[in-house]
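Visitor: Hi! I'm new to this one, could you walk me through it?

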Amino acid sequence: MRYVCLIYNSADIDGRQTAAETEAVVRAHFSFDEDLRDRGALIHADALETPDKAVVLRVRTNEISMTDGPYVETKEHLAGVYVIDASDMDEATAIAAGIPCARIGAVEVRPVRILTLPE
């Protein structure tokens with residue numbers, strides 16, 4: 001079953017770490033990614049740009065409206081995502097606990113809902 005692991009970083013930390021601290025976290029992620037690939041558990045992983053580079057899009061009555069980021073008043077923001085393959089939530093949370101940013105932020109683990117159309 002697929003699970004998405006949403007990485008949330010604190011706005012107080014993100015972008016304020018030293019170059020050495022940032023490099024250590026990136027290296028830890030690369031190592032973690034390689035381990036998940038070797039185990040056959042990694043489907044996809046990416047980091048996200050900071051919220052100030054985001055745009056929120058809504059379509060109402062065929063009209064598009066966009067709002068530039070940051071668009072949410074919060075101390076944490078979505079910083080990255082992993083899509084993993086795990087047998088159940090217990091295995092998914094065990095995998096997510098190894099995500100390096102879990103040590104400095106938070107990781108939300110959520111099952112992926114595979115949508116299908118009725119035949």
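Visitor: So what do the side chains of E23 and R27 do?
Guide: They meet in a salt bridge, at 2.8 Å from N to O. Keep in mind that this is a predicted model.

Visitor: And where do E23 and R27 lie?
Guide: Both are in helix α1, which covers residues 19-39. They are four residues apart, about one turn of the helix.

Visitor: Why does that spacing matter for a helix?
Guide: An α-helix has 3.6 residues a turn, so residues three or four places apart point the same way.

Visitor: Is E23 exposed or partly exposed, and what about R27?
Guide: E23 counts as partly exposed because its relative accessibility is 42%, a value that lies between the 20% and 50% cut-offs. R27 has 57%, so R27 counts as exposed.

Visitor: How many salt bridges does the structure hold?
Guide: Three. One of them joins R39 to D35, with the closest N and O atoms 3.2 Å apart. This pair is also in helix α1, and being four residues apart puts about one helical turn between R39 and D35.

Visitor: Which residue does E108 pair with?
Guide: The side chain of E108 meets that of R110 in a salt bridge, 2.5 Å from N to O. E108 is partly exposed at 26% relative accessibility, and R110 is partly exposed with a relative accessible area of 43%.

Visitor: New topic: which residues gather in the patch of negative charge?
Guide: That surface patch brings together D85, D88, D90 and E91.

Visitor: Where is D88 placed?
Guide: D88 sits in the loop between β5 (76-85) and α2 (89-96). With 34% relative accessibility, D88 counts as partly exposed.

Visitor: Let's look at α2, then. Which residues there are buried?
Guide: A92, I95 and A96 are buried in α2. They span an arc of only 100 degrees around the axis, so they are on the same side of α2.

Visitor: What about the other side of α2?
Guide: There you find D90 and A94, which are exposed. You have met D90 already, as one of the residues in the negative patch.

Notes. Residues are numbered from 1 along each chain as its sequence is written. This is a predicted model: local features need pLDDT of at least 70, side-chain atom pairs count only at pLDDT 80 or more; totals for chains, interfaces and linings use all residues. Side-chain values use heavy atoms; hydrogens and water are left out. Patches are made of residues with over 30% relative accessible area and no salt bridge: like charges are joined within 9 Å, nonpolar side chains (Val, Leu, Ile, Met, Phe, Trp, Tyr) within 5 Å. Accessible areas come from the Shrake-Rupley method with a 1.4 Å probe; for residues, only the protein chains shown count as cover. A salt bridge is a side-chain nitrogen of Lys or Arg within 4 Å of a carboxyl oxygen of Asp or Glu. Lys and Arg count as positive and Asp and Glu as negative; His and the chain ends are not counted. The place of a charge is taken as NZ of Lys, CZ of Arg, CG of Asp or CD of Glu. Helices (H or I, at least four residues) and strands (E, at least two) are DSSP runs, numbered from the N terminus. Buried means under 20% relative accessible area, exposed over 50%, partly exposed in between (1.4 Å probe, protein chains only). The arc is that of the directions from the helix axis to the C-beta atoms.
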